[in-house]
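Please look through the model below before reading my comments. Keep it open beside the text as you go.

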Amino acid sequence: MSTGMVLSERIVLGTMLRGDDPGFTTDTLGLLTPAAFTVPAHRTVFTAIARTADTGAVDLSTVMVTLDAADSLTAVGGFNELSAAVQESFTSTAPTDHVARIADRAAVEARRRALQQAAVALDDGQDLDTNRAFLMDALASTSTTAQLLPSISDQVYEYFALLDQRLHGEVPAGLRTGWSRFDEITLGLQPGSLVTVAGRAGTGKTVVMMDWARQACRDDNGVLFIPLEMSAQQMIERAISAEACVELNKLREPGCLDDDQWDRISGAISAISQWPLYIDTHASSVSDIRRTATAAKAALAESGRELRLIVVDYLQLMKADSGGRGAITRAEEIGRFTRGLKLLARELELVVVVGSQFNRSAADPNKLPRLDELKESGSIEEDSDIVLALHRPHAIDGQIGMATADEITGLILKNRHGAAQAQFERSWHGHLASTDEPMRRN
């Protein structure tokens, strides 16, 4: 049997055993039968999943109960084998492709058997007309892959419906960042988008992405934040500082806080503790992030909320799923990260925002950064729907006279669905871990 086919079967079974996508399980049970699987243990597990689905929710624990009741749990490898399939499922960004592959192989086998039976019948003296209907039925059926091909008429109709929604002002708003000029240009961050926030070292990428995450939480949208160089406590401290408008250094020396500041801190802590926010300091690879995002999505759904934003801070600190690059270059590895995050955004229908550095050669406070200065990979530019560059001259050279410490410039270097090269200003409040609308000058 094909190793690739066995892997496809494990990915399909593992995806259903995760229990986080009931729609996938229902569709798969409608497309496949136990006979479609090449491994006997896989057929047993699929049968158990189908039986479990008849009585309730499908996940690893409920299917194990079904297998145990049928005295089949040990035969399929027990918990270790089933949980390994679940882990393997996270390596695939498109499990439906594996479903189609299994179904197509089963269909080919069915046609081969039909042809063999017809040949035997002819050898036994039956005439061609006797077998014609049987053969035509076997050969006329289309593959599962062909059945999954999109219909242009359906796609045009969907676009017309979208156009009608736009006409009547019914298009759902994109995710707000709280940066009024940026939101105006982009019409909000759209689901399925990969957005890169790029800056030179120390220009404030984390603060900017925290700005956006705080706005999403205040709008009651679920957020998963992956800080790759800070602890959860450090992130929370910055959120409290920003929300309470209390300087970070005072939070680190609380003895100097007055009553008003304590009241604001208490209010911020109370509000933040209710946010639909998850901070995961352990995820560092695309598959790690996928697992955490899937769990967060399921947890938020229980409270009627949606996971709408994932923030990764930052790209150059991510690790390969295998734990090493092997023979590939660093640029190729970064390309795998950006493609994986883009696929994750599309698959989960949310926005992924990732921080990225510029090359050291770009550290010139007298000029604005460019797309070709993104560090280590051109794939960042290729895969991103939006690239927002941050320019804060004072962070590069504190003695420079062209800008003050409270200024930060945002420059949209790429905007796949709108205007690019737009430039706007924000007020920088590093001591409060936040930015704000610019001060109006008379």
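1. Overall make-up. This is a predicted model. The protein has 442 residues, and 45% of them count as buried. Its elements are 18 helices and nine strands.

2. Contacts along the chain. Take the contacts between residues at least 6 apart in sequence. Of these, 67% join residues at least 24 apart.

3. Helices α1 and α3. Start with α1, residues 3–18, and α3, residues 40–55. Their axes come within 11 Å and cross at roughly 25°. Angles under 35 degrees count as roughly parallel, and α1 and α3 are therefore roughly parallel to each other. The crossing is left-handed.

4. Who meets whom in that pair. From α1 come Val6, Glu9, Arg10, Leu13, Met16 and Leu17. They meet His42, Val45, Phe46 and Ile49 of α3. By class, the contact of α1 with α3 has seven nonpolar residues, one polar and two charged.

5. Helices α3 and α4. Helix α4 covers residues 60–69. It packs with α3 at an angle of about 110°, and the axes are 9 Å apart. On the α3 side, the contact uses Thr44, Val45, Ala48, Ile49, Arg51 and Thr52. On the α4 side, it uses Thr62, Val63, Thr66 and Leu67. The classes here are five nonpolar, four polar and one charged.

6. Helix α11. How far apart are the end C-alpha atoms of α11? They are 20 Å apart. The helix has 14 residues, 205–218, and at 1.5 Å a residue they should span 20 Å, which agrees. Is α11 largely enclosed or largely open? Of its 14 residues, 13 are buried, so α11 is largely enclosed by the rest of the structure. After α11 comes Asp220, with a positive phi near 65°.

7. Glu376. This residue sits in the loop between β5 (351–357) and α17 (379–383). Its relative accessibility is 29%, so Glu376 counts as partly exposed. Which residues does Glu376 contact, leaving aside neighbours within four places in sequence? They are Gln316, Arg330, Ala331, Ile334 and Asn359. Glu376 and Asn359 are 17 residues apart in sequence. In space, their C-alpha atoms are 7.7 Å apart.

Methods
Residues are numbered from 1 along each chain as its sequence is written. This is a predicted model: local features need pLDDT of at least 70, side-chain atom pairs count only at pLDDT 80 or more; totals for chains, interfaces and linings use all residues. Side-chain values use heavy atoms; hydrogens and water are left out. Axes are lines fitted to C-alpha atoms, for helices over the stretch in contact, and angles run from 0 to 180 degrees between N-to-C directions. Helices (H or I, at least four residues) and strands (E, at least two) are DSSP runs, numbered from the N terminus. Angles under 35 degrees count as roughly parallel, over 145 as roughly antiparallel, 65 to 115 as roughly perpendicular and the rest as oblique. A crossing is left-handed if the near helix is turned anticlockwise from the far one by less than a right angle, and right-handed if clockwise. Contact means heavy atoms within 4.5 Å. Ala, Val, Leu, Ile, Met, Phe, Trp, Tyr, Cys and Pro count as nonpolar, Asp, Glu, Lys and Arg as charged, and the others, Gly among them, as polar. The expected span of a helix is 1.5 Å times one less than its number of residues. Buried means under 20% relative accessible area, exposed over 50%, partly exposed in between (1.4 Å probe, protein chains only).
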